Amino acid sequence: MAGERLAQGLEGLADERVDHRFKALPPDAEGRTVGQLAAERRNLFSDGFTTPVLALSAESVAHNLALMETYATRHGLAFAPHGKTCMAPQLFARQLEHGAWGITAAVPHQARVYRTYGIERIFLANEVVDAAALRWLAAELAADPDFRFMCYVDSLRGIELMDTALREAGATRPVDVVVELGAGEGARTGVRTEAECLELADAIAGVDTLRLVGVAGYEGEVPDATPERVTAWLRRLVALAVQFDKAGRFTDLDRIVISAGGSAWFDAVADVFAEIPELSAPVLKLLRSGAYVSHDDGQYRKLTPFNRVPEEGALQPAFRLWAQVVSRPTPEQAFLNAGKRDAAYDLHLPEAQVVRSGRDGTLRPADGVTVTGLSDQHAWVSTERAGDLEVGDWVGLGLSHPCTSFDKWQLIPLVEQDGTVTDFIRTFF
């Protein structure tokens with residue numbers, strides 16, 4: 001049933017009409033469906049796409065999906081990739097095809113998108129205290145006995161708000177929750193001490209609307225993170241689960257959940273989770289890394305655990321933003337027609353990688369070409385030589401931070417190495 005719902009949802013995306021809402025698509029495609037346009041297999045550079053245009057490499061996406069499936073299987077991990085990265089049902093479907101247990105969300109709106117497309121297992125890595133969202137959740141759980149949902153709790157007040165809203169909504173199934181252990185003083189969300197965690201477990205046991213199913217947290221927020229500090233925090237998380245289990249906190253469960261794992265330290269998660277002792281029920285060792293699907297040419301290229309364990313493989317950056325030189329006022333300065341509205345810039349500026357000649361389409365490395373700043377709709381570029389760029393050239397930019405690349409584009413061409421557009425990835429932010 002869930003698979004049918006997802007398949008129907010994807011068919012609906014293919015039936016969406018191409019129009020002014022979607023940046024960079026060929027003007028002569030107006031009125032076609034997305035599926036019809038994809039079937040034409042147009043070339044990104046010569047068949048009417050306008051700049052700036054964000055492209056997602058078909059080959060790199062396929063590689064990254066397969067690599068993380070292999071990694072999770074090799075290390076005995078379940079995988080619920082964080083959907084906030086892409087918010088793209090087509091990519092969710094492919095992640096599930098590659099063995100994902102479910103999809104992680106950060107806020108209730110994202111969970112609503114997931115449910116629209118039939119996602120059956122959702123891990124919401126936050127405390128949910130919005131009464132309207134909890135009413136919606138209660139209705140979803142009541143309507144679909146196969147729907148599995150869990151979220152964080154990290155405060156007594158949060159438990160009180162959840163219980164009140166769920167009781168008022170007439171909830172027929174308890175909401176599964178995991179106690180979030182904070183990553184340390186000065187970190188982000190989560191309970192700071194094990195004693196406070198025990199208080200929360202007592203409070204959960206005192207209400208009928210919630211069920212404690214495990215513990216979780218985010219090691220990416222460990223202050224001044226080093227392998228040793230991250231490992232120490234992960235061992236605290238496992239020890240908390242063991243303590244809860246010995247105290248009989250996990251009664252009548254078919255799985256005990258222990259979850260962590262962003263995109264920077266999943267190797268440490270795999271190592272520590274391999275040490276989890278036998279508990280009263282099998283353990284769902286749930287990894288939540290999300291940025292891997294596109295990877296990047298900046299922050300995650302530096303942070304990926306595959307740099308520490310190269311024998312496990314390597315992710316490939318899948319994004320390239322193509323922009324055109326629209327001004328060349330001096331031999332040292334050029335301007336592209338892509339800016340903050342088009343490119344991720346919160347962590348690093350885009351990186352000029354390749355130049356495609358506006359005269360004959362030949363490619364050359366972007367040697368001597370550097371993006372120095374972004375305006376709303378312009379990239380400021382410095383050049384070392386007068387001949388490095390001319391007006392009309394296309395410049396391929398590598399981006400840093402997948403999350404803030406996806407969210408600027410509603411429809412992203414999926415492009416093969418030769419420039420053939422095979423599909424369009426629809427996002428919902």
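These legends walk through several close-up views of a predicted model. In this model, local features need pLDDT of at least 70, side-chain atom pairs count only at pLDDT 80 or more, and totals for chains, interfaces and linings use all residues. Residues are numbered from 1 along each chain as its sequence is written, and side-chain values use heavy atoms, with hydrogens and water left out.

**View 1. The largest pocket has a volume of about 630 Å³.** Lining it are 30 residues, and the closest to its centre are Lys 84, Arg 188, Tyr 218, Gly 262 and Tyr 300. A pocket here is an open set of points on a 1 Å grid over the protein atoms alone, where a 1.4 Å probe fits, with protein on both sides within 12 Å along at least five of seven lines; lining residues have an atom within 4 Å of a point. Grid points are joined across faces, edges and corners, and the volume is the space filled by probe spheres set on the points. Helices (H or I, at least four residues) and strands (E, at least two) are DSSP runs, numbered from the N terminus. Sorted by class, the lining holds twelve nonpolar, 13 polar and five charged residues. In this sorting Ala, Val, Leu, Ile, Met, Phe, Trp, Tyr, Cys and Pro are nonpolar, Asp, Glu, Lys and Arg are charged, and the others, Gly among them, are polar.

**View 2. The second largest pocket has a volume of about 470 Å³.** Of its 21 lining residues, Ser 57, Arg 320, Trp 322, Glu 416 and Gln 417 are the closest to the centre. At least two lining residues come from each of β1 (53-57), α3 (58-74), β10 (319-330) and β12 (351-356). The class count for this lining is ten nonpolar, five polar and six charged residues. Look again at Trp 322, which also forms one aromatic cluster with Phe 45 and Trp 394.

View 3. Rings of Phe, Tyr and Trp (its six-membered ring) pair if their centres lie within 6.5 Å; planes under 30 degrees apart are stacked, over 60 edge-to-face and the rest tilted. The rings of Phe 123 and Tyr 152 have centres 5.8 Å apart and planes at 85 degrees, so this pair is edge-to-face. It joins distant parts of the chain, with Phe 123 in strand β4 and Tyr 152 in strand β5 (residues 148-153), 29 residues apart. Are these two residues buried or exposed? Both Phe 123 and Tyr 152 are buried, where buried means under 20% relative accessible area, exposed over 50%, and partly exposed in between (1.4 Å probe, protein chains only). Another edge-to-face pair, Phe 244 with Phe 250, has 6.0 Å from centre to centre and 70 degrees between the planes, and both of its members are buried too.

**View 4. Arginines sit over aromatic rings.** Arg 115 lies over the face of Phe 147, 3.9 Å from the ring centre. The charged end of Arg 426 is over the ring of Phe 428, at 4.8 Å from its centre. To count, NZ of Lys or CZ of Arg must be within 6 Å of the ring centre and within 35 degrees of the ring normal.

**View 5. Two cysteines stay apart.** A disulfide is a covalent bond between the sulfur atoms of two cysteines. The structure holds zero disulfides, counted as pairs of cysteine sulfur atoms within 2.5 Å. The sulfur of Cys 197 is 15 Å from the closest cysteine sulfur, in Cys 151, which is too far for a bond. Cys 151 is buried at 1% relative accessible area, and Cys 197 is buried at 0%.

**View 6. Some spots have a backbone worth a second look.** Most residues other than glycine have a negative phi, and most peptide bonds are trans. The peptide bond from Thr 51 to Pro 52 is cis, with omega near -5 degrees, and Pro 52 is in the loop between α2 (34-39) and β1. That loop also holds Arg 41, a non-glycine residue with a positive phi of about 50 degrees. Arg 41 is partly exposed at 44% relative accessibility. His 401 likewise is not a glycine, yet has a positive phi of about 85 degrees; its place is the loop between β16 (394-398) and α12 (403-406). His 401 is buried, with a relative accessible area of 14%.
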